Amino acid sequence: MLHAVVMAGGSGTRFWPQSRTASPKQLLPIAGEQTMLRQTVDRLYAADGAGGEGTIAPERVWVVTNAVQAEEVRKQLPEVPAGNVLVEPCARNTAPCVGLAAVHLLKADPEATMLVLPADHVIGPPEVFQQAAATAAAVVKDGPERFVLFGVPPTFPSEGFGYIQRGQPLPGFEEQKAFSVASFREKPDAETAKEYIDSGDFYWNCGIFTWRAEAILDALAEYEPNTRKRLSNIAGTVGTPHYEETVETEFPECDSVSIDNAVLERTDAACVLEAPFDWDDVGSWGALRRLLGEDEQGHSSDAKKFVSLESKNCTVRDTTGEHLICALGVEDLIIVHTADATLVAKRGDENAVKRLIGELKERGLEEYL
């Protein structure tokens, strides 16, 4: 059966000061009234209760998170069985994360197919996403050795996303726009990104995948034998009193590597399915401009009290709902106000917030992190 694995870790740095270590962006209402995690899981359910092929029942939803955030995850998703919230004792990137989920899925369902997705993307409409999930599952059923990636048709020459070059159409899935993968490309410069778009053969790699749990573990055994060995040791204790102790001991010994680098870029079985849904990774404060749009001065703001004079092109957020923010004679700023911290930064520098976090740590201001 089709199961969903939601990756919901994160250190809460990119959306500081709204996000913090204990409450990263997926646990916050960054893009809407509901938290991003809640939106992600709701997207898996049938709105009318009919339960089509691309929908996934709560008992087949699994969330991988960390110890700091696990309680809040369970609180936000009361319908998901508590045992389906898997806790990583430390961060080890996405390959060990996916592998940990896979060993649990095989224990529950030896024929499990995994839909792996991040907890912090904006996707819609839900019914289109559900149909896409059903198509991906069908591609895997037709070829159990396949690893299916969703590729988003690029709408601008992004330097912040990885790209997938499509190869030949998959027989039987031409209409659904499924292809073999010709190559993977890292985040390009602006000129190269434009060349990708002009060619018509490239997609953004949105980090959403579908494959059989057994197949991904077999691939890890081939390409990442140390990690697979550690996961095997964990698998033997799932459902026993020794599980937590084993995870604490074995998981940190997994190699820290992404599932892309560990498997997808090394296998001949990778496929790309053109995503029919709208998508945004909401990777930084700059993404709010795409989500909120702009007013006549070029501002993107959801602050209730914002006054602008002789200013333009600012991104503004007030999480308190009470604070008056005024911009006078400025442009191209990010202004974020919370109850205990205010950020003012230049737009366009995606790494600036990370540098600031490092500076706060050096100055002993961890209470704001």
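## A buried helix

Helix H3 has these buried residues: Ala95, Pro96, Cys97, Val98, Gly99, Leu100, Ala101, Ala102, Val103, His104 and Leu105. That makes eleven buried residues out of 15, so H3 is largely enclosed by the rest of the structure. All of this describes a predicted model.

How far apart are the end C-alpha atoms of H3? They are 21 Å apart. Helix H3 runs over residues 94–108, and at 1.5 Å a residue it should span 21 Å, so the two values agree.

## The whole chain

The protein chain has eleven helices and 17 strands. Its C-alpha atoms fill a box of roughly 60 × 50 × 40 Å along the principal axes. A compact globule with 369 residues would have a radius of gyration near 21 Å. The protein chain has 21 Å, which agrees.

Buried residues account for 53% of the 369 residues. Contacts also reach across the sequence. Take those between residues at least 6 apart: 65% of them join residues at least 24 apart.

## Aromatic rings

The count of aromatic pairs comes to eleven. One of them is formed by Trp204 and Trp279. Their ring centres are 6.1 Å apart, with 50° between the planes. This pair is classed as tilted, because its angle falls between the limits of 30 and 60 degrees.

What does the pair tie together? Trp204 lies in strand E9 (residues 202–212), while Trp279 lies in strand E11 (residues 278–280). The pair therefore ties together parts that are 75 residues apart in sequence. Both Trp204 and Trp279 are buried. They also belong to a cluster: ring pairs link them with Phe156 and Phe161.

The charged end of Arg166 sits over the ring of Phe179, 4.7 Å from the ring centre.

## Ser183 in a strand

Ser183 is found in strand E8, which covers residues 178–185. Is Ser183 buried or exposed? Its relative accessible area is 16%; that is under the 20% cut-off, so Ser183 is buried.

The side chain of Ser183 makes two polar contacts described here. One is with the side chain of Gln165, at 2.7 Å. Another, of 3.1 Å, joins Ser183 to the side chain of Arg185. Leaving out residues up to four places away in sequence, Ser183 touches Tyr163, Ile164 and Gln165.

## Two buried loop residues

Gln18 lies in the loop between strand E1 (2–7) and helix H1 (36–42). Gln18 is buried, with a relative accessible area of 14%. Its side chain makes a polar contact of 3.0 Å with the side chain of Arg317. Beyond its neighbours within four places in sequence, Gln18 is in contact with several residues, including Ser23, Leu28, Trp285, Arg317 and Thr338.

Thr267 lies in another loop, between helix H9 (259–264) and strand E10 (270–274). At 16% relative accessibility, Thr267 counts as buried. Its side chain reaches the backbone nitrogen of Ala269 at 3.0 Å. Which residues does Thr267 touch, not counting those up to four places away in sequence? They are Phe147 and Tyr223. The C-alpha atoms of Thr267 and Ala219 are separated by 8.1 Å, although these residues are 48 residues apart along the chain.

Technical notes
Residues numbered from 1 in each chain as written. Predicted model: local features only at pLDDT ≥ 70, side-chain atom pairs only at ≥ 80, totals over all residues. Heavy atoms only, no water. Phe/Tyr/Trp six-rings, centres within 6.5 Å; stacked < 30°, edge-to-face > 60°. Helix = DSSP H or I, 4+ residues; strand = E, 2+ residues; numbered from the N terminus. Buried < 20%, exposed > 50% of the residue type's maximum accessible area, 1.4 Å probe, protein only. Lys NZ or Arg CZ within 6 Å of the ring centre and 35° of its normal. Expected span 1.5 Å × (residues − 1). Polar contact = N/O pair within 3.5 Å; in protein donor to acceptor, adjacent residues only side chain to side chain. Contact = heavy atoms within 4.5 Å. Rg over C-alpha atoms; globule rule 2.2 N^0.38 Å.
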